[in-house]
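Please examine the sequence and the three-dimensional structure shown below.

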Amino acid sequence: MRVCHKYFLSTLFSLFVLPAYASNLSDWAYSPSWLALVHYQPTLTGYESTIGSENFYLSPCGKTNPLKELDATIALFQSNDDKTKCLFPARYLWLEKNNLINAPFPKCQEFEQFKQDLQPSGITLLFTDAYMNNSSSLFGHTLLRVDTARKGTQLLAHGINYGAWTNGYENSFLYAVYGLAGFYPGGFTVKPYYDIINTYNNIENRDIWEYNLNLSNEELDFFVAHIWEVGQTTTPYYFFTQNCSYMLMEVFDAVKPELNLAQGFPVQTIPLDTIKEVNKREGLVKSINYRPSRQRKIKYRMQQMSDEQYQAFLDAIQLNLQSTQALPEEQRADVLETAYQYIQYQYVAQDIALSEYRKKSFALLKARNQVKAGQKFNELQEGENPVYSHDSKQISLGLGTYNGEFFEELRLRPAYHSLIDRSFGFLPGAAINFLDMAFRHYDDKNNYVLQRLNILQLTSLSPIDEVFAAPSYQITVDILRQLNPSDEDNYYTFNAAVEGGGTYALNDNIWFYALTGVQGAYGGGLPHNQWLGLSLKPGLLVRFSEASLQLEAQKVWATSKIGSTLKWNITADYFLTRNWSLEAAFSYTQNYGKNVTETVFRLKRNF
Amino acid sequence: MKKIIFASLVLGAVALTAPAHAIDSTGCGLGSMAWRGQSGILPQVAAVTTNGTFGTQTFGITFGTSGCDPNGRVTGGTQKMVLAFLENNLEQFAMDAAAGQGETITTLAGIMNMDEKTVAEKTYQNFAVLFPNENVDAVDVTLKFYQIMKA
């Protein structure tokens, strides 16, 4: 049971000591800046702070009572409890700014050391793009960088990362359940920025976008002080809602309450959406910098190679340096440096062993050091800023025919991106569809039905070439309304498919792929309620900035005749704007010797 | 039907959320797992400052470090910072030293409070001294780097 006697004492105390302020203390307690600073969010009955740690609250009722917490905070800074004061430097700054306190802030050695190590000169919001090898990173990730005033580069700055402490549960099934239920504590960690770069750019091959914020010196001090405050706390981590990106929004609000960022994410917090919100706040983002992944850098350099250089590069990564030596001297440096980068890439991808890695790297560097002329290739400076990608939720209205019968369709997709959508700003070849649902009204039967619920579809197409070879895959879990060819009845099946294969890119715009794998279906309308099958799925994907086209055939050999199908799909999208597009889709399915033909035209809107 | 939807919702949610943004390897990079239990930063700093030659961070395993600051910060005096930086960026530094330019050289020049051009020139000319063979480690490189910069 919570007792709030501290509150009464401190109220009496502040009434006595601060009579002038006491009358409007309640105004202060419910001011946007105090609410944001203690991370209060409105509830049905009042307020509740997001932060989980009890020690974040000075009043026993602090989690839900902004006034009592303010009272207790004032009381703290009038007390001689310096140790506790040192945990709340931002609250002190807030009290001081609003003339609610006139006692000095104590000397706090640890906090001073923190500031001395960081030497803050600014704040940068970082966005790392999707990482298809880890399902938690499918939607990208956001973190903060406290820029440094140290001489040198921002490599010596610090990344502030909010994430879940999962100690040892990573591989259990409950991991995901715990994550949804908020079982894991979320907390902050600090790492040198060079460590962040190594992790994301060099190991996971993800681009980093840096959004440098426009903050006054006062706001910067307050930001760092607030990071110190929340850095000591933990909060239940919810994967969808109170996740890494959400917490950063609350931290921004604490520093600049007028931003009002956190309230924009009441249901789901997708990292990409949060950087878009930040970029929408006028004047908040000062400059943008792009740090491409190692893989992207290598590819960009390879594109700039002449045929001779490319051949020399292919030889060099096999430790045959003769063709490099045959090049004019001014062409060698680029080849050797790219080859060195590639060997590092290979080692991290575990394609080569440590001994081979060391031998090759050393030989390449030695050769590079003997070349006088510097690098000629341009470094990749520009990318597709994800801020200008299409928004993550989608709704579409469609009209079509199903074996000659007209229907109207409403489709909703809470997240996130499919291959046919406008690809600007997304990881090429990666798609995530979550809870994509289609409802239809069929005119002849005059019935309203759920046509399809695509619970989850993950797609990762990675083009294979002479130097990069990653498998492509697709995982699909959905519920489909099917037509039984023998009795013309409709029934639902629950389907799951896992497919893998390869992708060949003719160029950046035209990709061919082939996937094969296993499929299963379960449903009351099926003979024996289920079937299992093998599938083969070749496809063509054409994507330009204005339009896209996907052709796909799918052959399934199943244990039941009803599951054995041949299906053809053609989908074409024309992008009207960033968020509006027109779609035409045609599909033809052969099953049991009967056919289903479907044509749909859709107007799609992302929001 | 309802059962199917419910079961698949749960399944989908589970599949989608599997590993979280785990951050347990605090401040020490991904490789810290592989190096856990190795000597920490203090013995290595001692190695550098006393001209010892033992160390654990060899060329080739710089993602993650044995000698990270427990608080995950860039901290300490110049030598400690140079060592910590080289331990975490040895591959990139090797490249930059071989080429005589790059971000790590700019950074080291900053830490040493030296002119960037001088550092670039010296590392380029002394690449073979800094990296005499493929089995160098960060402590060796740090020691040599200091000798070269002071020369």
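## Basis of the model

This is a predicted model, in which local features need pLDDT of at least 70, side-chain atom pairs count only at pLDDT 80 or more, and totals for chains, interfaces and linings use all residues. Residues are numbered from 1 along each chain as its sequence is written, while chains are lettered from A and ligands numbered from 1 in the order in which they are written.

Helices (H or I, at least four residues) and strands (E, at least two) are DSSP runs, numbered from the N terminus. Two strands pair if DSSP finds at least two bridges between them.

## The open sheet of chain A

In chain A, 7 strands form an open sheet with antiparallel pairing, in the order β8-β6-β5-β4-β3-β7-β9. Its edge strands, β8 (235-236) and β9 (285-291) of chain A, each pair on one side only. Helix α10 (residues 193-203) of chain A packs on this sheet and touches β3, β4, β5, β6, β7 and β9 of chain A. The direction of α10 makes about 110 degrees with that of β6(A); such angles run from 0 to 180 degrees between N-to-C directions, with axes fitted to C-alpha atoms, for helices over the stretch in contact.

Within the sheet, β3 (residues 120-128) and β7 (residues 208-213) of chain A run antiparallel and are joined by 5 bridges. A:Leu125 has A:Tyr211 in β7(A) as its bridge partner.

## A hairpin and its neighbour

Strands β10 (residues 394-402) and β11 (residues 405-413) of chain A run antiparallel, joined by 9 bridges. They form a hairpin with 2 residues between them, and A:Asn403 in the turn has a positive phi of about 50 degrees. β10(A) also pairs with β22 (residues 594-606) of chain A in the antiparallel sense, over 9 bridges.

## An enclosed helix

Helix α13 (residues 271-280) of chain A is largely enclosed by the rest of the structure, because 7 of its 10 residues are buried (20 or more other C-beta atoms within 10 Å of the residue's own, with C-beta atoms placed from the backbone). Among the buried residues are A:Leu272, A:Ile275 and A:Val278.

The axes of α18 (residues 354-369) of chain A and α4 (residues 78-99) of chain B come within 7 Å and cross at roughly 25 degrees. The two helices are therefore roughly parallel to each other (angles under 35 degrees). A:Leu365, A:Arg368 and A:Asn369 of α18(A) make the contact with B:Ala94, B:Met95, B:Ala98 and B:Ala99 of α4(B); residues are in contact if their C-beta atoms, placed from the backbone, lie within 7 Å.

Note on methods: Two residues are in contact if their C-beta atoms, placed from the backbone, lie within 7 Å. A residue is buried if 20 or more other C-beta atoms lie within 10 Å of its own, exposed if 12 or fewer, and partly exposed in between; C-beta atoms are placed from the backbone. Angles under 35 degrees count as roughly parallel, over 145 as roughly antiparallel, 65 to 115 as roughly perpendicular and the rest as oblique.
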